[in-house]
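Have a look at the model first.

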Amino acid sequence: MDRIALISDVHGNLTALEAVLADISARGITRIFNLGDNVGKGPRGQAVVDRCREVCEVNILGNWDDLLPDPDRVDDREALRWWKKELREDQRAWLRALPFSHDFLMSGRQVRLFHASSTSVHHRISFDHDESQYLSFFENTPATGDGPVPSVVGYADIHDAYFEEDRGRTLFNTGSVGNSLGDPTPIYVILEGVIGSPDPAPFSIQFVRVPYDAPAELAIARDLEMPELDGYEAEIIHGIYRTDLYNNTEFGYHRRTP
């Protein structure tokens with residue numbers, strides 16, 4: 001049986017990333033796929049990009065990886081300017097050139113990974129979706145290309161890990177390593193099966209939470225004088241989305257009460 005660790009949404013949180021990488025290594029897993037959003041929100045995007053380039057076999061484009069280095073974007077927030085400036089120019093180019101998705105066979109199942117949806121890294125679909133949104137995850141689009149239609153799809157973006165199965169299809173979200181909401185403990189996924197095999201074989205999806213020193217990460221952000229420090233504290237200490245903090249709303253990132 002082969003194992004692949006899936007990480008995502010590190011968001012400049014090097015302390016959380018190193019804790020997760022240590023857990024992956026302790027389990028003897030050597031293959032790591034990264035579903036994007038290396039940068040923004042946290043203080044050390046540059047170090048996270050370098051580390052992911054070093055250890056991840058696959059790196060996929062995230063919305064922050066595309067948005068933050070965009071030369072045509074208007075820097076309308078101090079924090080956006082800060083996070084962009086913290087990156088090197090070669091990293092900005094590397095991020096925007098990342099592939100949209102990654103397809104492979106595992107235990108007779110066609111697996112597809114992307115960051116947010118089958119159409120765009122900027123199209124968010126939460127766990128509280130309808131049937132048409134669910135089915136859209138398994139469609140070929142101009143963004144994914146015309147490869148074999150997947151029966152298993154893993155995505156990231158929403159910082160909410162979940163698993164769903166219906167009509168012979170499996171959908172899961174990896175959650176977030178560096179900016180997990182609800183439960184702020186970093187989370188990643190382990191896929192286990194026979195890589196590259198078209199024949200049915202045992203297959204599993206495991207979610208792993210890894211505790212880390214979040215106050216130490218917050219202290220680094222404070223020492224670096226990163227903007228939106230109160231929002232970062234709300235997210236990595238309390239699991240509260242910073243937009244909810246600033247707007248004095250509740251669960252605005254997740255399901256809304258009718």
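Helix α1 passes helix α2 in a left-handed crossing (left-handed if the near helix is turned anticlockwise from the far one by less than a right angle, right-handed if clockwise). Bear in mind that this is a predicted model, where local features need pLDDT of at least 70, side-chain atom pairs count only at pLDDT 80 or more, and totals for chains, interfaces and linings use all residues. Residues are numbered from 1 along each chain as its sequence is written, and side-chain values use heavy atoms, with hydrogens and water left out.

**α1 and α2**

- The axes of α1 (residues 14-26) and α2 (residues 45-55) come within 10 Å and cross at roughly 20°; axes are lines fitted to C-alpha atoms, for helices over the stretch in contact, with angles from 0 to 180 degrees between N-to-C directions.
- Helices here are DSSP runs (H or I, at least four residues), numbered from the N terminus.
- That angle makes α1 and α2 roughly parallel (under 35 degrees; over 145 is roughly antiparallel, 65 to 115 roughly perpendicular and the rest oblique).
- On the α1 side, L14, L17, E18 and L21 make the contact, and on the α2 side A47, V48, R51, C52 and V55 do; contact means heavy atoms within 4.5 Å.
- By class, that's seven nonpolar, no polar and two charged residues (nonpolar: Ala, Val, Leu, Ile, Met, Phe, Trp, Tyr, Cys and Pro; charged: Asp, Glu, Lys and Arg; polar: the others, Gly among them).

- L14 is buried at 14% relative accessible area (buried is under 20%, exposed over 50%, partly exposed in between, with a 1.4 Å probe and protein chains only).
- Leaving out residues up to four places away in sequence, L14 touches R44, A47, V48 and E217.
- L14 and V177 sit 163 residues apart in sequence, yet 9.6 Å apart C-alpha to C-alpha.

**α7 and α8**

- α7 (residues 214-223) and α8 (residues 229-238) have axes that come within 10 Å and cross at roughly 170°, so the two are roughly antiparallel.
- Their crossing is right-handed.
- Among the residues making this contact are A214, P215 and E217 of α7, plus L229 and Y232 of α8.
- The contact splits into eight nonpolar, no polar and three charged residues.

**Aromatics**

- There are eight aromatic pairs (Phe, Tyr or Trp rings, the six-membered one for Trp, with centres within 6.5 Å; planes under 30 degrees apart are stacked, over 60 edge-to-face, the rest tilted).
- Y155 and Y162 pair edge-to-face, at 6.1 Å centre to centre and 80° between the planes.
- Y155 counts as buried at 0% relative accessibility, and Y162 counts as buried at 13%.
- F100, F114, F127, F137, Y155 and Y162 form one aromatic cluster.
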